[in-house]
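This report looks at how two protein chains meet in a model and at some local features of one of them. Please keep the sequence and the coordinates at hand while reading.

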Amino acid sequence: MIVEAPASPLARYALRRADDALILGHRLSEWSAMAPTLEEEMALSNMALDLIGQSRALYTYAGEVEGKGQSEDDFAYMRREREYQNILLVERPNGDFAQTMLRQFFFAAFAYPYWLAMMRSTDATLAAIAAKSEKEIAYHLRHSSEWVLRLGDGTAESHRRLAEALEELWPYTGELFAVLPDETALIAAGVAVDPDTLRGEWEATVRAVLERATLAMPSGGWMQQGGREGRHSEHLGHLLAELQYVPRMIPGATW
Amino acid sequence: MPTPNTPLWEVFIRSRNGLSHRHAGSLHAADATLALQAARDLYTRRGEGLSLWVVPSSAIVASDPQDKGMMFEPTASKIYRHPTFYDIPDEVGHM
């Protein structure tokens, strides 16, 4: 049974944020048994579990709001690629460790002030999810920024890799601030956060860390968009094939 | 694989206010900040602690196992040092 997009703007909004968290969490989980050290293996898995937990709360809430009995699993496993509305940044392949950490840093530098602002949402459930997520993301931001610093200001090799990651990922940061037409009313009602109000803080955080990491902050430039409208890179389909394989092969399987 | 220049750190966790930090294990990290983060990620996944210390393993001075006779055996005959000869009222609780 394929799950169609919800009709309720609030459910769609929660779903988009859930998709960001699930896809990024899944990407981090791909490091399991592959991380450079045991210590980092655990750090990456911990962050993955935080994000997957956030996605579960948001999917569940989207199902409640929509009121058609859709569960978190229905949304995660039974939607097609085009129905996923995560930003393209989170589906970028892990690449090397520098790329993974910089992707995490870009996302956390946005998500931290986002959840802080969301704690004041007029929607009690979103405010509660925000209160839990804020603490988790605060740690992701700290951990990833410490690594960005060390990679940028480390060896010639680590600096080169981080500089390449910056070039690769920068065009995907614009979509962090995208607002879809059905979200403006939610923003006006104080339910959703206007991402534009977070741009200054995001840029200040990123600039401060990149400068200490001896990398120049890129200035604007062309930005890739599309994930929020369901237009994805070729990488998401492969990710979903792995993520959705078991529940589609054996519907209703439990373990 | 930790490279030879990744130092070893000892991790101490205080599980509750009022208790002392207890040794929990060790880890490899390049510096103190990352050691503290790794300690959090490795040793506090199940709500084990409220406070963490990390100490460079190289800062620990250890007794020599060969000295254990001199160091620890003389205490074996001094059972009067154990406060087991007193009756403690139940109301006192855990001491």
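## The interface between the chains

The contact draws 12 residues from chain A and 12 residues from chain B. In this predicted model, chain A and chain B bury about 1,200 Å² between them, and 52% of that area lies on carbon and sulfur atoms. On the side of chain A, the residues A:Glu39, A:Tyr139 and A:Arg150 supply 47% of the area that this chain buries against chain B, which is more than any other three residues.

## Polar pairs and the elements that carry them

Between chain A and chain B the count is one salt bridge. A:Arg150 forms a salt bridge with B:Asp31, with the closest N and O atoms 2.5 Å apart; A:Arg150 is also one of the three residues named above for their share of the area that chain A buries. Across the interface of chain A and chain B, seven residue pairs are found in polar contact, counting those with both residues at pLDDT 80 or more.

As for secondary structure, helix H2 (38-66) and helix H6 (124-152) of chain A each supply at least two residues of the side of chain A that touches chain B. The largest share of that side, six residues, comes from H6(A).

Within chain B, B:His21 lies in the loop between strand E1 (8-14) and strand E2 (22-28).

The side chain of B:His21 makes a polar contact with the side chain of B:Ser51 at 2.7 Å, and another with the side chain of B:Trp53 at 3.3 Å. When neighbours within four places in sequence are left aside, B:His21 is in contact with B:Phe12, B:Ile13 and B:Arg14, as well as with B:Ser51, B:Leu52 and B:Trp53.

## A nonpolar patch on chain B

B:Ile79, B:Tyr80, B:Phe85, B:Tyr86, B:Ile88 and B:Val92 make a nonpolar surface patch of about 710 Å². One of these residues, B:Val92, is found in the segment after helix H2 (68-72) of chain B.

With a relative accessible area of 44%, B:Val92 is partly exposed, since that value falls between the limits of 20% for buried and 50% for exposed residues.

Note on methods: Residues are numbered from 1 along each chain as its sequence is written. Chains are lettered from A and ligands numbered from 1 in the order in which they are written. This is a predicted model: local features need pLDDT of at least 70, side-chain atom pairs count only at pLDDT 80 or more; totals for chains, interfaces and linings use all residues. Side-chain values use heavy atoms; hydrogens and water are left out. Patches are made of residues with over 30% relative accessible area and no salt bridge: like charges are joined within 9 Å, nonpolar side chains (Val, Leu, Ile, Met, Phe, Trp, Tyr) within 5 Å. Accessible areas come from the Shrake-Rupley method with a 1.4 Å probe; for residues, only the protein chains shown count as cover. A salt bridge is a side-chain nitrogen of Lys or Arg within 4 Å of a carboxyl oxygen of Asp or Glu. Helices (H or I, at least four residues) and strands (E, at least two) are DSSP runs, numbered from the N terminus. Buried means under 20% relative accessible area, exposed over 50%, partly exposed in between (1.4 Å probe, protein chains only). Contact means heavy atoms within 4.5 Å. Buried area is the accessible area (1.4 Å probe) that two parts lose on being put together, summed over both. A polar contact is a pair of N or O atoms within 3.5 Å; within protein, one must be able to donate a hydrogen and the other to accept it, and residues adjacent in sequence count only if both atoms are side-chain atoms.
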